[in-house]
Amino acid sequence: MKRILLLLALSATFIGSAQNITLKKGVIIDSLIVNDTIPETFSLYLPKKFEVSKTWPVVFVFDMNGRGKQSLAMFSAAAEEQGFVLAASNNISDTLSIAKNILITSRMFNTVTTMLPIRKRGIYTSGFSAGGRFSTLIPTFIQGVEGVVACGAAVANFEVLTSRNPFHFIGIVADEDFSYSDMLIVEKVLSRMKFPNQLLVFDGGHEWPKTEDLSSALRLLTMAAMAKGNVTKDEAYVDANYTADLVKVNRLYTANKPVLADNWLEEMSEIYQPFIPLDSIKASRKAIRRSRLFKNQNRTQNALSLKESLIKDEYNYYLEEDILTYNYNNLGWWKYQMEELQKFQKNPEVLQQKMGKRLEGYLKALVSDNVDMLSAEEPIDGEALNFLWMLKTVIEPDNYESYLKIISYTAKTDDYGTALFYLEELLKKGYKNGSELYGLENTALLRITPEFNELVEKYLKGARYTIIEE
């Protein structure tokens, strides 16, 4: 039977009238009220071993679509293993200004730290992608945040960081994630600024880290708290983590990943310096760096990093030019770029494959970001957006939304030839939603034409309007 915990009554300052709140441990509790005067809620997770007789660290997890419960679901197993409380707002949104999101965050912080026995200097933030970037801003605007676990996301703004207010930064990223190269840069910049930081790398694309990696990040925060004296030093805990990290290094090395093994040994030097002598770590690094495989991989990786950076700069330059000039003629060049990326991904050299996947992800994110920016402007530049939707059909040919947007816009501008072309391309891709086609915005005149209905009849066997042959 799940144990039930009766918490202290909340004061009128936060809830409006004192009341008893019963919270279950080991499950995600959704839609807890932040304040009776404001319609804001948050999700909460308490580990099964939670007790009010001791203080606990907390991680505030951010999702920029306000999906608090879903974001905690990704983190809960790691929090259970490492003994962390989790909380997430259901009202944070990327459509709001940073100032409004910070105010929402501050109110949630106040409520959680008042209702629960949260450890002093035990407050952390985290998130994935846009939520991860937002989490890096919070220590600048809200005092008392000790660290950040940014997943698949670089620091949002280096200009607001100051060495007078450093926080512990832990980045977690996949080696095929388009954010990978940016996070390598973040690691170097933060080290120059004397910010304690580590970077955890796993196999995969732009995705939430696995429980193992999230748990590793939380244990690093606990180790850092021990090093600072914020929590009691536990020698058995340190020894167990040290052994686990040595196993990780050995696993990487035997998997022919000497560069990653060396990188983690470098991180271990910072992590364990307050606890143990570093002689064995230094000796291991020296042995790895002497190996021929390390030298070859390191040389290749440095060359590919430069190449990747140049290609990304090229994407940025040409996309900006094409948007400004509505350069539909350059869609062929973009198609060629996608073919080149496929060649990288089919290359027998693993590092080239991963670079190709990162660049493809980067290009897709770059185009999507420009779509979002143009869509938010007033007045909306429909022609520029139409170019981007066409580009999306090149880089994401199975994304049906792009075709529908083009059909709608070109029908609105009476460019029926283009609308019909993209209609057939959409239907060739296997699109089956005839009801959506006949309800598509701006297509009232297009969808009663014989050409439109002939295409629907050909691919869907169900044209709404009869085709009369003379």
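This is a predicted model: local features need pLDDT of at least 70, side-chain atom pairs count only at pLDDT 80 or more; totals for chains, interfaces and linings use all residues.

**Tour of the model**

Start by selecting S106, which counts as partly exposed at 25% relative accessibility (buried means under 20% relative accessible area, exposed over 50%, partly exposed in between, with a 1.4 Å probe and protein chains only). S106 lies in helix α3; helices (H or I, at least four residues) and strands (E, at least two) are DSSP runs, numbered from the N terminus.

Residues are numbered from 1 along each chain as its sequence is written, and side-chain values use heavy atoms, with hydrogens and water left out.

**Aromatic rings**

Rings of Phe, Tyr and Trp (its six-membered ring) pair if their centres lie within 6.5 Å; planes under 30 degrees apart count as stacked, over 60 as edge-to-face and the rest as tilted. By this rule there are 17 aromatic pairs. Select F60 and F109: their ring centres are 4.0 Å apart and their planes are at 20°, so the pair is stacked. F60 belongs to strand β5 (residues 56–62) and F109 to helix α3 (residues 98–115), so this pair ties together parts 49 residues apart in sequence. Both F60 and F109 are buried.

Next, select F62 and F134, an edge-to-face pair with 5.3 Å centre to centre and 75° between the planes. F62 is in strand β5 and F134 in helix α4 (residues 130–141), so the pair ties together parts 72 residues apart in sequence. F62 is buried, with a relative accessible area of 1%, and F134 also counts as buried, at 5%.

Then select Y315, Y317, Y318, W333 and W334, which form one aromatic cluster.

**Two helices**

Which residues of α11 meet α13? Select α11 (residues 331–345) and α13 (residues 382–395), whose axes come within 9 Å and cross at roughly 30° (axes are lines fitted to C-alpha atoms, for helices over the stretch in contact, and angles run from 0 to 180 degrees between N-to-C directions). That makes α11 roughly parallel to α13 (angles under 35 degrees count as roughly parallel, over 145 as roughly antiparallel, 65 to 115 as roughly perpendicular and the rest as oblique). In α11, L331, W334, K335 and M338 meet F387, M390, L391, V394 and I395 of α13, where contact means heavy atoms within 4.5 Å.
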